[in-house]
Amino acid sequence: MPPAENKQGAGFQAPTGEIEVSMRPSRMSRSAACLMACLASVGTSAATGQQVYATCAACHGARAEGNPGLGAPALAGQQVAYLQRQLLNFRTGLRGSHKDDTYGAQMRAASQVALPDEKAIAAVATYIAALPRTDVKPAGKFDARNGNNLYQGKCGAGHGGQAEGNEALSAPRLAGLDAAYIKRQHRNFGKGLRGAQPQDRYGKQMALMATTLGSERELDDVIGYIQAFEAAR
Ligand code: HEC
C-alpha cells in the first residue's frame, strides 16, 4: 500500500470553483482522507490496535464493555493470550463454525473481515487487554451459598477464586461478563458447539468441565456468584 498522498480536495472539488463551495470540499476531503487512511491501515499489518478496534466497537462497544443485545461480550481487561487465541480460533474455524452457533458465526465473519493477519490480531488483543475493565449489570436472584459452593468446588481452581482468570492455566477471566454470554458459552461447550474440535486443546478441557454443572438453576447460582465479585469490586 503506497503512503496516502495529501491531495487537498482532489476528487471532491466542486466543478465550479467558487470560494463558498471550495471551503466545504476541503473540509470533506480531510475527513474523507482520514477515513480512507484508517481503512487502508486496517487492511495492513501496520494498523495499531486502536485502529483495528474501531471495526469491533460497533458490536463490542466503544470501551469494549460489550453489548448483550447483540450477544457481544465485554472484552476490556481480558488476558491478551486468551483474546489472541480466541481470535485465531474464530479465524481458523475452531470456534464459530458449528452450524448451530449463530453468534459465533457472526464473530467468525467479523474476524475474517477485520483481522487480516496475526499482527493485527496481536495489536488488537494488546489494545483491548489494556482497556479498563467495565461493570456488568448483576444477575437477578440467585442462591449465593449454592453459587459459592459450586463455583469454588468446580470452577475456582481454573478460573481463579474471584473469577479473575488464571493465565498459567489459560483460563479466562469470567468476572465482568454478562450472564447470557456466560450461559451461552457454557451451553455451547456442553453441547459440542465449542471446544469439540481435536485441535482446540483448551476448549476441550472446558467442554469436559461443562458437563459437571447439573441444572440450569445451578448455572444461574454460579453466574450470580461470579457477578457479585464484579459488583463488590
Ligand atoms: C457483528 C458484530 C461483531 C463484530 C463487528 C465483532 N464481534 Fe467479537 N463477538 C461478537 C459476538 C456475537 C461474539 C460472541 C460469540 C459467541 O457467542 O461465541 C463475539 C465474541 C468475541 C470474542 C470472544 C470473547 C470471549 O470471552 O471468549 C472476542 C475475543 C471478540 N469477539 C473480539 C472481537 C474483535 C477484536 C473484533 C474486531 C476485530 C470483533 N470482536 C468484532 C460480535 C462481533
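Mentor: The account below begins with the chain and then turns to its core. This is a predicted model, in which local features need pLDDT of at least 70 and side-chain atom pairs count only at pLDDT 80 or more, while totals for chains, interfaces and linings use all residues. Residues are numbered from 1 along each chain as its sequence is written.

The chain has 10 helices and zero strands; helices are DSSP runs of H or I with at least four residues, strands are runs of E with at least two, and both are numbered from the N terminus. Of its 233 residues, 31% are buried, that is, 20 or more other C-beta atoms, placed from the backbone, lie within 10 Å of their own.

A nonpolar core is a set of buried Ala, Val, Leu, Ile, Met, Phe, Trp, Tyr and Cys residues joined through C-beta atoms within 7 Å. The largest one here holds 36 residues, and Ala120, Val124, Ile128, Val222, Ile223 and Ile226 have the most contacts inside it. Two or more residues come from each of helix 2 (49–53), helix 4, helix 6 (118–129), helix 7 (144–159), helix 8 (179–191) and helix 10 (216–232). Helix 6 contributes the most to this core, seven residues. Both domain 2 (49–129) and domain 3 (144–232) supply at least three residues to this core; the domain bounds come from an automatic or database domain assignment.

Leaving aside residues up to four places away in sequence, Ile128 touches Tyr53, Ala64, Leu75, Ala76, Gln78 and Leu83, where contact requires C-beta atoms, placed from the backbone, within 7 Å. In soluble globular proteins, nonpolar side chains tend to be buried together.

Methods:
A residue is buried if 20 or more other C-beta atoms lie within 10 Å of its own, exposed if 12 or fewer, and partly exposed in between; C-beta atoms are placed from the backbone. Two residues are in contact if their C-beta atoms, placed from the backbone, lie within 7 Å.
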